[in-house]
Amino acid sequence: MKALKELTRPNIWDLKPYSSARDEYKGAEATVFLDANENPYNNPFNRYPDPLQRDLKELLAPIKGVKSENIFLGNGSDEAIDLVYRAFCEPEKDNVVAIDPTYGMYKVCADVNNVDYRNVLLDENYQFSADMLLAATDERTKLIFLCSPNNPTGNDLLQCEIEKVIKEFEGLVILDEAYNDFSDRPSYLSQLDKYPNLIILQTFSKAYGCAAIRLGMAFASKEIIDILNKIKYPYNVNLLTQQQAMSMLKDYSQVEAWVKTLIEERAYLENEFAALACTEKIYPSDANFFLAKVSDAKAIYNYLVAKGIIVRNRTSITLCKDCLRVTVGTREENNQLLEALKQYK
């Protein structure tokens with residue numbers, strides 16, 4: 001790995017971050033707050049939230065097996081994705097490399113930040129070659145994006161290829177584990193200390209059932225986390241979001257129960273879906289969804305919409321012609337989908 005200073009944009013490295021009132025006073029013992037120009041009425045919503053979400057991180061750290069200093073929390077994982085571009089990629093000069101197909105926000109953020117985005121096609125099994133990915137890099141490549149389990153394909157990427165990229169790439173590797181809770185494969189969180197160039201993304205949107213609160217997680221070395229915290233907006237995670245996240249962490253057994261049920265439902269839905277006349281192939285999934293190749297994705301999608309059932313038509317995505325992405329729902333929702341498709345002609 002190159003020195004972090006060499007990877008970071010010079011203006012970001014030298015940046016003096018904004019200091020908010022809650023940055024300057026972090027204690028909880030005070031009773032009179034006259035420092036932040038807040039309205040003294042309507043407690044607790046009149047007060048700015050902790051800009052570094054310390055209480056939330058203290059709950060999260062032991063569950064994830066990391067230190068609080070290795071955690072960044074943002075407005076969805078998309079904030080962390082955008083911040084790594086802003087921190088490390090010089091517009092019109094640097095580039096990033098990613099697999100294709102994968103999560104679309106990697107490219108959107110590249111376009112927003114005017115950074116060249118290079119994609120490398122997956123093979124027929126939706127796997128990638130580390131050698132091909134590394135061959136697409138050059139001296140101006142700052143980031144490589146990997147998503148495992150991948151979206152929209154649903155499968156875990158090969159560990160040997162992931163690790164080869166992390167070990168051989170001199171820039172930063174962003175490994176998006178949004179769907180890792182539904183996989184048998186352990187997270188790479190336990191290897192953060194081993195790989196200083198690794199940034200892991202996770203989310204409260206999937207296993208935690210909290211998509212509405214918009215809370216994403218990034219895990220990395222303290223040095224990388226410090227850079228992200230330096231350039232984020234001062235109060236990027238609101239109080240209501242922090243409170244709901246802490247509530248979920250205090251009842252983590254509920255999250256584990258949801259995950260167990262969804263994995264069982266995934267197996268049920270895949271088996272039943274495979275038997276449908278319109279289904280041509282079910283691709284292996286390690287996520288809370290699966291990709292299915294069907295006879296006519298557009299027609300089937302429109303048919304389901306007319307019945308009030310919404311899946312995702314992925315036929316326009318690279319390597320996904322006539323594919324539908326189906327999220328695993330409750331048994332009742334899954335059966336409604338199956339019954340509708342049994343009647344499709």
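## Salt bridges and a helix contact

In this predicted model, D226 and K222 form a salt bridge whose closest N and O atoms lie 2.8 Å apart. Both residues belong to helix α9 (residues 222-231), where a spacing of four residues separates them by about one helical turn. D226 is partly exposed at 37% relative accessible area, and K222 is also partly exposed, at 34%.

The structure holds 16 salt bridges. Three of them are listed below.

| Pair | N to O distance |
|---|---|
| D226 and K222 | 2.8 Å |
| D94 and R140 | 2.6 Å |
| R331 and E265 | 2.8 Å |

The bridge between D94 and R140 links distant parts of the chain, 46 residues apart. D94 sits in the loop between α5 (77-88) and β2 (95-100), and R140 in the loop between α7 (130-135) and β4 (141-147). D94 is buried, with a relative accessible area of 1%, whereas R140 is partly exposed at 34%.

The salt bridge of R331 with E265 connects helix α13 (residues 331-342) to helix α11, so it ties together parts that are 66 residues apart in sequence. R331 counts as partly exposed at 40% relative accessibility, while E265 counts as buried at 9%.

On the α10 side the contact involves M248, L249 and K250, and on the α11 side Y252, V255 and W258. By class, this contact comprises five nonpolar residues, one charged residue and no polar residues.

Terms used:
Residues numbered from 1 in each chain as written. Predicted model: local features only at pLDDT ≥ 70, side-chain atom pairs only at ≥ 80, totals over all residues. Heavy atoms only, no water. Contact = heavy atoms within 4.5 Å. Helix = DSSP H or I, 4+ residues; strand = E, 2+ residues; numbered from the N terminus. Nonpolar A, V, L, I, M, F, W, Y, C, P; charged D, E, K, R; others polar. Salt bridge = Lys/Arg side-chain N within 4 Å of Asp/Glu carboxyl O. Buried < 20%, exposed > 50% of the residue type's maximum accessible area, 1.4 Å probe, protein only.
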